[in-house]
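This report describes selected local features of one protein chain. Please look at the sequence and the structure before reading on.

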Amino acid sequence: MQLMTTYKEDNYPIIIQHNALTELNQFLTNYRDVVFIIDKNVEHAHPNKLNQALSSIVPEQITHVIRIEGSEQSKSFEVYQSVLEQLLEKGITRNTCIVAIGGGVTGDFSGFVAATLLRGVDFIQVPTTILAHDSSVGGKVGINTPQGKNLVGAFYRPSAVIYDLDFLTSLPYTEITSGYAEVYKHALLNGQAALNDIELNFPDRSSLAALHHLDDFLLKGIETKLNIVVADEHEQGKRKFLNLGHTFGHAIEYHEKIAHGHAVMIGILYQFIVSNLLLHTNYDIQHFKDYFKQLDYPLEVVLNADFEPLLELMLKDKKNDKNGIQMVLLSSIGNPVVHHVDNDVLAEAFTQLQNIIK
């Protein structure tokens, strides 16, 4: 399956299929240097796949391989500086393509290196996780700071996204659930029918772990994100909807050091509570809590947290403006809105969240 973005210019293909790495070489032929930035864990789990990627290089090209840890700690100034200096010492020119092979961390990091190296070189995303079906599309790249997650970055489109579904076979269940959170988020944005469909297909841990028919939902998720991103690339309007669950999610992720998707799912639950308080919706919070627990999301981490540090992190969210914290809320399933939320509402929602999880 191949999708194509529909910007006015500089469009790129998104190839989604098993053995998609066979398509890589067609995008690399015109470069002097090709830099592979690879997640060490992916290299260990799929050595043959990595050899397949490296074999895409023609003899006259110069190949560079940089290995990073696939954890959020890699998205730091220190690692960023180290990689830049390694490449500059090799005499890299703008006739270079960076190929990011790994999950969301590797893609975010490599894309930011590409966006800033010599004021910009091309890069290709090769996502290897379910979570990266979301982060690899749309051109958001960046690194973290001591103050918060993704606070330094850029909007920078890849030249191609090559999503080889063979990589998903080695994912541990925690990685599956982390990625599923973003797939589930896209279903919430698409409406009640989409939500019913995904919950029916993945009612419990065993069905999700089996990954049956997940390809279909990954494709729907990518299409959903593309439709939004093409309409609002720089997050001035409806692209903010893709941050559903992320305001509180990023805070709990950063504070408790849990997986991104696990934090987003907790953020989605929190958003339902805020919506009930602020928009007077009538969401069945118990249903969502029970469903997330059925899939083994670590909801109990919020019981260890205090509200004030989380509020401080939410106050640094990029969606905020002079009026304070903005959150994406669902006025109904499939109908997101961006709404200012007062601190007292956030505090009450946090208390209710802790109470329902106890």
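D134 is buried, because its relative accessible area is 9% and the cut-off for buried is under 20%. The residue lies in helix α5, which covers residues 132-135. Leaving out residues up to four places away in sequence, D134 touches E182, K185, H186 and K225. The model in which these features are found is a predicted one.

**Aromatic pairs**

A pair of aromatic rings is described by the distance of the centres and the angle of the planes. In this model the count comes to 15 aromatic pairs. One of them joins Y291 and F292, with 6.1 Å from centre to centre and 55 degrees between the planes, and this pair is tilted. Y291 counts as buried at 7% relative accessibility. F292 is buried too, with a relative accessible area of 0%.

Another tilted pair is made by F307 and F350, whose centres are 5.7 Å apart and whose planes are 40 degrees apart. Which parts of the chain does the pair of F307 and F350 link? The pair links distant parts: F307 is in helix α13 (residues 307-314), F350 is in helix α14 (residues 343-357), and 43 residues separate them. F307 counts as buried at 12% relative accessibility, and F350 is buried with a relative accessible area of 3%.

**The cluster and F288**

One aromatic cluster is formed by Y180, Y184, F202, F217, F272, Y283, F288, Y291, F292 and Y297. F288, one of its members, is found in helix α12, residues 285-294. Is F288 buried or exposed? F288 has a relative accessible area of 5%, so the residue is buried. When residues up to four places away in sequence are not counted, F288 touches Y184, L195, E199, L269, F272 and Y283. Y184, F272 and Y283 also belong to the cluster. F288 and L313 are 25 residues apart in sequence, and their C-alpha atoms are 25 Å apart in space.

**Charges over rings**

The charged end of R205 sits over the ring of Y173, at 4.1 Å from the ring centre. For K257, the charged end sits over the ring of Y254, and the distance to the ring centre is 5.1 Å.

**Helix packing**

Two packed helices are described by the angle between their axes and the distance between the axes. The table gives these values for two helix pairs.

| Helix pair | Axes come within | Crossing angle |
|---|---|---|
| α10 and α11 | 7 Å | roughly 135 degrees |
| α11 and α14 | 9 Å | roughly 120 degrees |

Helix α10 covers residues 246-256 and helix α11 covers residues 260-278. Their axes cross at roughly 135 degrees, which makes α10 oblique to α11. The crossing of α10 and α11 is right-handed. On the α10 side the contact is made by H246, F248, G249, H250, I252 and E253, and on the α11 side by H260, A263, V264, I266, G267 and Y270.

For α11 and α14, the axes cross at roughly 120 degrees. The two helices are therefore oblique to each other. α11 passes α14 in a right-handed crossing. From α11, the contact involves I266, L269, Y270, I273, V274, L277 and L278. From α14, the residues in contact are V345, L346, E348, A349, F350, Q352, L353 and I357.

**Positive phi angles in loops**

Where in the chain is D10 found? D10 is in the loop between β1 (2-4) and β2 (13-17). Its phi is near 55 degrees, a positive value in a residue other than glycine. D10 is exposed, because its relative accessible area is 60% and the cut-off for exposed is over 50%.

L211 also has a positive phi without being a glycine, with a value near 60 degrees. L211 is placed in the loop between α8 (205-210) and α9 (214-231). At 21% relative accessibility, L211 counts as partly exposed.

Terms used. Residues are numbered from 1 along each chain as its sequence is written. This is a predicted model: local features need pLDDT of at least 70, side-chain atom pairs count only at pLDDT 80 or more; totals for chains, interfaces and linings use all residues. Side-chain values use heavy atoms; hydrogens and water are left out. Rings of Phe, Tyr and Trp (its six-membered ring) pair if their centres lie within 6.5 Å; planes under 30 degrees apart count as stacked, over 60 as edge-to-face and the rest as tilted. Buried means under 20% relative accessible area, exposed over 50%, partly exposed in between (1.4 Å probe, protein chains only). Helices (H or I, at least four residues) and strands (E, at least two) are DSSP runs, numbered from the N terminus. A charge sits over a ring if NZ of Lys or CZ of Arg is within 6 Å of the ring centre and within 35 degrees of the ring normal. Axes are lines fitted to C-alpha atoms, for helices over the stretch in contact, and angles run from 0 to 180 degrees between N-to-C directions. Angles under 35 degrees count as roughly parallel, over 145 as roughly antiparallel, 65 to 115 as roughly perpendicular and the rest as oblique. A crossing is left-handed if the near helix is turned anticlockwise from the far one by less than a right angle, and right-handed if clockwise. Contact means heavy atoms within 4.5 Å.
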